[in-house]
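Hi there,

Here is the structure I promised to pass on. Have a look, and my notes on it follow below.

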Amino acid sequence: MASLRIPVPSASFLSPPPPRSPHLVHHCRPSSSSSRARTPLMAMASSSPPQLQELKQGIADFYDQSSGLWEQIWGDHMHHGFYDSDADDVSLSLTNHRSAQIRMIEESLRFASLLHPDSKIPKRIVDVGCGIGGSSRYLAQKFGAQCCGITLSPIQAQRANALAASQGLSDQVSFQVADALQQPFPDDEFDLVWSMESGEHMPDKPKFVKELVRVAAPGATIIIVTWCHRDLNPSEDSLKPWENELLQKICKAYFLPAWCSAADYVGLLHSLSLQDIKVADWSPNVAPFWPAVLRTALTWKGLTSLLFSGIKTIKGALAMPLMIEGYKKGVIKFTIITCRKPEQAPDV
């Protein structure tokens with residue numbers, strides 16, 4: 001099963017219009033109307049512990065094997081770049097693409113209203129699914145903040161700490177191996193909870209979101225940037241068979257559990273009484289990224305490095321055309337969702 005269904009509070013969330021720009025925002029508010037009945041399908045969450053452990057180990061092994069190659073070619077930011085929607089990916093240099101990865105961080109902060117002059121500057125940040133710590137170090141330096149990063153990959157955590165030490169940031173950032181569904185932090189700990197392209201790996205999306213909310217301090221901002229499948233139309237009960245088949249192939253290559261939609265995330269956030277929920281489809285703004293990654297993989301340096309990076313990395317490289325197809329056909333949506341934890345717990 002390549003997609004999961006989570007009940008949403010209103011059919012009005014099913015098809016938010018795609019933004020013309022990164023700042024054309026779909027503000028999500030509860031509606032008094034009710035959507036048709038839906039049955040929750042927690043495909044991986046209901047799996048046996050051995051299956052979940054196998055998924056976690058697969059994710060860890062994948063990033064243990066592939067992170068060195070990625071850093072060698074693309075640097076320390078292991079996420080999409082953000083581009084103008086009319087950007088020509090063929091004419092962009094690797095330097096342009098690396099700059100676009102930094103822009104992704106900045107645009108995410110802007111979308112969450114954290115770059116406004118009157119915004120409260122975050123001083124305690126958690127990076128959930130930190131990779132080799134690129135976002136953590138950037139955010140720590142930008143805001144003068146303390147940042148904790150977690151990853152399932154021991155190689156990533158080790159490399160992230162080494163890079164922090166080499167940049168003189170060991171007193172500000174730290175990284176450890178930990179499960180995003182069981183974070184090793186107390187409640188109400190961070191005033192910015194950052195998840196850059198890690199949600200797609202989470203087998204239990206409700207538990208993932210609840211953990212993000214749990215570790216967020218009252219008034220904290222939560223930023224989720226993630227891969228989703230398209231929202232379903234009101235007349236649909238599921239994705240089309242060919243769409244599920246495409247997503248399933250991608251799942252096998254990148255160790256992903258069931259996919260969900262942006263509407264599913266919005267429903268979860270509303271169910272937890274989060275405030276200022278905003279969502280946008282940034283798929284047009286990441287369009288040049290995967291073709292560029294594929295081209296670098298097909299260079300002599302990329303091909304020779306792939307041969308020594310392990311079978312999981314090779315399978316991931318072979319799946320890149322599937323990601324490009326998914327974006328072009330509108331099945332995959334690159335989604336940003338931001339919200340704020342209430343200053344006070346809602347009345348029960």
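In these notes, buried means under 20% relative accessible area, exposed means over 50%, and partly exposed is in between (1.4 Å probe, protein chains only). Please keep in mind that this is a predicted model, so local features need pLDDT of at least 70 and side-chain atom pairs count only at pLDDT 80 or more, while totals for chains, interfaces and linings use all residues. Residues are numbered from 1 along each chain as its sequence is written, and side-chain values use heavy atoms, with hydrogens and water left out.

Cys 148 is partly exposed because its relative accessibility is 22%. With a disulfide taken as a pair of cysteine sulfur atoms within 2.5 Å, the count is zero. For Cys 148, the closest cysteine sulfur belongs to Cys 147 and is 6.7 Å away, too far for a bond. Cys 228 is in no disulfide either, as the nearest cysteine sulfur, in Cys 260, is 5.1 Å away. Cys 228 is buried, at 0% relative accessible area.

Now the aromatics. Rings of Phe, Tyr and Trp (its six-membered ring) pair if their centres lie within 6.5 Å; planes under 30 degrees apart are stacked, over 60 edge-to-face, and the rest tilted. That gives 14 aromatic pairs. In one of them, Phe 111 and Trp 282 sit edge-to-face, because their planes are at 80°, with ring centres 5.7 Å apart. Phe 111 belongs to helix α2 (residues 94-111) and Trp 282 to the loop between β7 (275-281) and α8 (283-286), so this pair ties together parts 171 residues apart in sequence. (Helices, H or I of at least four residues, and strands, E of at least two, are DSSP runs numbered from the N terminus.) Both Phe 111 and Trp 282 are buried. Trp 227 and Trp 259 make a tilted pair, 6.2 Å centre to centre with 35° between the planes, and both are buried. Ring pairs also link a cluster that includes Trp 70, Trp 227, Trp 259 and Trp 290.

Finally, the strands, where two pair if DSSP finds at least two bridges between them. In strand β5 (residues 190-196), seven of its seven residues are buried. β5 pairs in the parallel sense with β2 (residues 124-128) over three bridges, and in the parallel sense with β6 over six bridges. Val 193 of β5 is the bridge partner of Val 126, and its bridge partner in β6 is Ile 222.

Best wishes
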